There are 2 protein chains.
Amino acid sequence: MLTPFRVDTNSLAITGRLNAIGYDVGSKVVVGDALDDLVRVFRTNAGTADLIVCTGGLGPTEDDVTRDALARLLDVPLDVDQEALQGIRARFAARGLEMPAINRRQAMVPQGATVVPNTHGTAPGLLADWGGTRFVLLPGPPREMMPMIERLIETRAIASGHGGLFRRVLKVTGRTESDVDATAQPVYRRWTSDPVPITTTILAVQGEIELHLTATAGTREEGDAALGQAASALKDALGPSLYSTHGEKIEAVVGDLLRLAGWSVAVAESCTGGLLASRLTDVPGSSQYFDRGVVCYSNQAKTDLAGVPPAFIEMHGAVSEPVAVAMAEGIRERAGSTVGIGITGIAGPTGGTDAKPVGTVSIAVLAAAHRKVRTFRFIGGRELVKFQSAQAGLNMLRLLLLERAV
Amino acid sequence: MLTPFRVDTNSLAITGRLNAIGYDVGSKVVVGDALDDLVRVFRTNAGTADLIVCTGGLGPTEDDVTRDALARLLDVPLDVDQEALQGIRARFAARGLEMPAINRRQAMVPQGATVVPNTHGTAPGLLADWGGTRFVLLPGPPREMMPMIERLIETRAIASGHGGLFRRVLKVTGRTESDVDATAQPVYRRWTSDPVPITTTILAVQGEIELHLTATAGTREEGDAALGQAASALKDALGPSLYSTHGEKIEAVVGDLLRLAGWSVAVAESCTGGLLASRLTDVPGSSQYFDRGVVCYSNQAKTDLAGVPPAFIEMHGAVSEPVAVAMAEGIRERAGSTVGIGITGIAGPTGGTDAKPVGTVSIAVLAAAHRKVRTFRFIGGRELVKFQSAQAGLNMLRLLLLERAV
């Protein structure tokens with residue numbers, strides 16, 4: 001975290017969670033893997049805060065010094081915790097491996113500190129109180145750390161006496177940031193002076209717009225009620241371009257709509273190269289409505305896998321709405337699914353022409369009595385064009401499902 | 001910077017620039033706009049560093065307290081600097097505006113501090129020495145801050161006696177962090193006392209291991225030469241599990257090997273749901289060696305798209321090495337590609353059994369005279385199992401291409 005390369009996101013996730021239970025985060029510190037530095041940071045910050053959360057440095061190697069720093073601060077020795085050691089051994093055993101001797105380090109606990117079990121990795125966390133401050137030491141990987149924070153909050157090992165900051169993330173697709181702001185601002189500007197005040201921030205993330213709402217309330221119920229009303233008001237103002245009122249991903253929203261409709265979907269992808277299928281199948285239970293997809297990168301593959309006639313590709317060009325429609329029709333028929341999606345475009349960096357520059361993408365979403373066909377010109381590098389294309393395909397499917405339901 | 005929303009990128013840009021002239025960044029601190037907190041951070045960090053760079057809080061409003069914090073630290077009053085005041089007035093005049101009275105604050109300078117002119121905004125920077133540390137106070141916006149840093153380096157107001165820090169990232173797959181460390185440590189531990197010293201940090205990222213090497217050298221050539229030798233030594237020690245010596249992604253490494261061999265690849269994916277195809281096609285120019293893939297999520301799709309006989313799935317179970325092999329054979333034959341890859345597994349969260357728990361994934365990579373078939377037990381949530389499965393498939397393909405070349 002002290003190199004020019006890695007952006008810090010852990011502290012944002014932790015801040016969000018702590019805000020929600022009423023902690024204001026007063027400072028953040030990044031230090032290297034040097035024992036003296038870490039002890040100094042612990043010592044100088046103790047007493048200034050109710051809580052110090054420290055992530056990382058609980059691994060098995062020599063540069064993992066967080067345990068030692070806590071022991072030094074508390075001025076106590078480190079002992080092997082037998083229960084923690086068993087847990088680490090069991091994790092290796094589950095993968096059919098012997099625990100390497102080096103991992104014994106991870107079971108070392110400063111005398112008097114409490115072990116926090118890690119359900120997603122080998123490094124247990126640690127809790128200790130010193131100088132009026134509760135120290136919470138957690139492993140660095142988010143997928144290990146965040147479940148531990150949740151459990152510490154549930155068990156009130158981390159708890160604050162006052163009310164909290166409650167947040168809600170709304171997501172909008174297919175509109176620009178200034179367009180969203182022009183529509184949303186007259187709605188959200190008056191909330192700051194409400195009895196439960198709500199502040200609103202607009203962020204552009206990967207070609208999408210997010211509205212971050214923060215309510216300051218005495219209880220979760222009060223906060224949630226105010227946020228619920230606020231979300232409804234923004235939904236009325238923004239219409240169906242607002243697809244998420246609880247931060248859900250669009251693939252999850254689409255999955256719920258498909259399940260509700262009892263529909264299935266199959267995809268034929270060219271420029272997205274499998275990303276649309278991969279995002280659809282990121283959702284647990286997606287096998288209920290998705291059973292197949294094809295990635296037809298070459299023209300021959302479009303013919304073989306989605307039945308697009310070669311003469312048809314010749315006539316319209318591989319990147320064209322007729323070919324996208326033929327891909328969608330072909331995969332829908334072959335899969336026997338309710339909906340077929342075809343995507344064909346130019347992800348770049350090469351392959352663009354004056355008429356069809358890099359970022360040109362044609363998408364067709366077809367059902368028996370409904371269809372949506374559009375051509376986009378996305379901006380950005382190869383991976384961003386792929387992402388936006390998959391996003392647009394998911395959104396067209398979402399809108400088609402909504403219209404069907406009307 | 002203390003909310004859950006805004007990612008810190010300023011410190012990365014500053015670190016990159018400071019590294020290049022030989023400063024190692026030992027710690028980073030984020031504090032709010034509270035005078036006492038800022039003074040405390042200045043005071044406790046002075047003496048521990050040659051240089052403290054502070055950005056932000058030099059604006060005209062009341063919550064801009066960085067100037068005041070420096071004055072408090074130096075224990076001197078703030079005076080209006082006439083030259084700075086003229087500069088700010090001139091900036092407003094250039095836009096046809098009168099300077100608002102509030103902006104006079106920006107010309108306030110602690111006695112004895114040096115003003116750093118701002119060519120891109122109204123807030124001048126400040127330089128001062130205290131407690132053996134040089135304090136550099138800069139405005140927050142990157143487009144104002146970065147040119148000031150450049151000029152301070154040019155004029156040697158920020159300068160280090162030693163050369164620069166040069167970095168290299170190596171990546172290893174298919175081994176645990178402790179295993180990599182056990183092998184690599186005897187190699188890298190002696191470099192810290194070399195004429196061009198190199199420090200090494202080991203990180204686990206998404207089921208992979210990264211080795212971050214940092215060389216301190218007088219010139220870029222010296223640094224690169226030492227890093228090149230170090231990378232070779234680690235390559236010898238770690239063998240083919242080390243797949244990247246310049247931070248490249250495995251899909252790019254595999255793409256280069258495929259191109260070199262003149263080979264093509266086609267994929268039949270179940271649990272990865274298209275992720276393997278998507279990652280292969282993240283690489284620009286991948287159409288040279290990839291023309292198609294199929295996502296066969298259901299058993300019927302495995303039969304339809306990869307020709308796996310239903311009786312075969314019945315006999316061995318959908319998640320099994322024979323089915324992975326049949327998928328790879330089927331797609332290889334249908335695509336007419338040099339290599340076929342089949343992946344079938346249980347991504348979770350449901351679908352696991354005692355014999356085949358969530359995370360069980362069988363992968364087959366087949367060419368005419370070479371094949372690799374393995375069953376893994378990955379740990380982690382649905383998306384991590386998908387990622388690791390795709391990674392393992394790419395790595396098996398890489399190893400097969402390497403063996404072929406021997």
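Predicted model: local features only at pLDDT ≥ 70, side-chain atom pairs only at ≥ 80, totals over all residues.
Colleague: What is the handedness of the crossing of H6(A) and H7(A)?

Modeller: In chain A, helix H6 (residues 177-188) and helix H7 (residues 220-238) pack at an angle of about 135°, and their axes are 10 Å apart. The two helices are therefore oblique to each other. Their crossing is right-handed.

Colleague: Which residues of H7(A) make the contact with H6(A)?

Modeller: By class, this contact has seven nonpolar residues, one polar residue and no charged residues. H6(A) contributes Val180(A), Thr183(A), Ala184(A) and Val187(A), while the residues from H7(A) are Ala233(A), Leu234(A), Ala237(A) and Leu238(A).

Colleague: How many residues of domain 2 of chain A are in contact with domain 1 of chain A?

Modeller: The domain assignment places domain 1 of chain A at 10-154 and domain 2 at 164-244, with domain 3 at 250-405. Taken over C-alpha atoms, the centres of domain 1 and domain 2 of chain A are separated by 35 Å. The side of domain 1 that touches domain 2 in chain A holds two nonpolar, three polar and no charged residues. Those five residues of domain 1 of chain A are in contact with residues of domain 2 of chain A numbering four.

Colleague: Which element of chain B gives the most to the side that touches chain A?

Modeller: The contact between the chains takes 58 residues from chain A and 60 residues from chain B. On the chain B side, these residues divide into 25 nonpolar, 22 polar and 13 charged. The element that gives the most, with seven residues, is strand S13 (residues 290-296) of chain B.

Colleague: What is the bridge partner of Arg292(A) in S13(B)?

Modeller: Strand S13 (residues 290-296) of chain A pairs with S13(B) in the antiparallel sense, over five bridges. Within S13(B), the bridge partner of Arg292(A) is Cys296(B).

Methods
Residues numbered from 1 in each chain as written. Chains lettered and ligands numbered in written order. Contact = placed C-beta atoms within 7 Å. Helix = DSSP H or I, 4+ residues; strand = E, 2+ residues; numbered from the N terminus. Nonpolar A, V, L, I, M, F, W, Y, C, P; charged D, E, K, R; others polar. Pairing = 2+ DSSP bridges. Axes fitted to C-alpha atoms, helices over the stretch in contact; angles between N-to-C directions. Parallel < 35°, antiparallel > 145°, perpendicular 65-115°, else oblique. Left-handed = near helix turned anticlockwise from the far one by under 90°. Domains from an automatic or database assignment.
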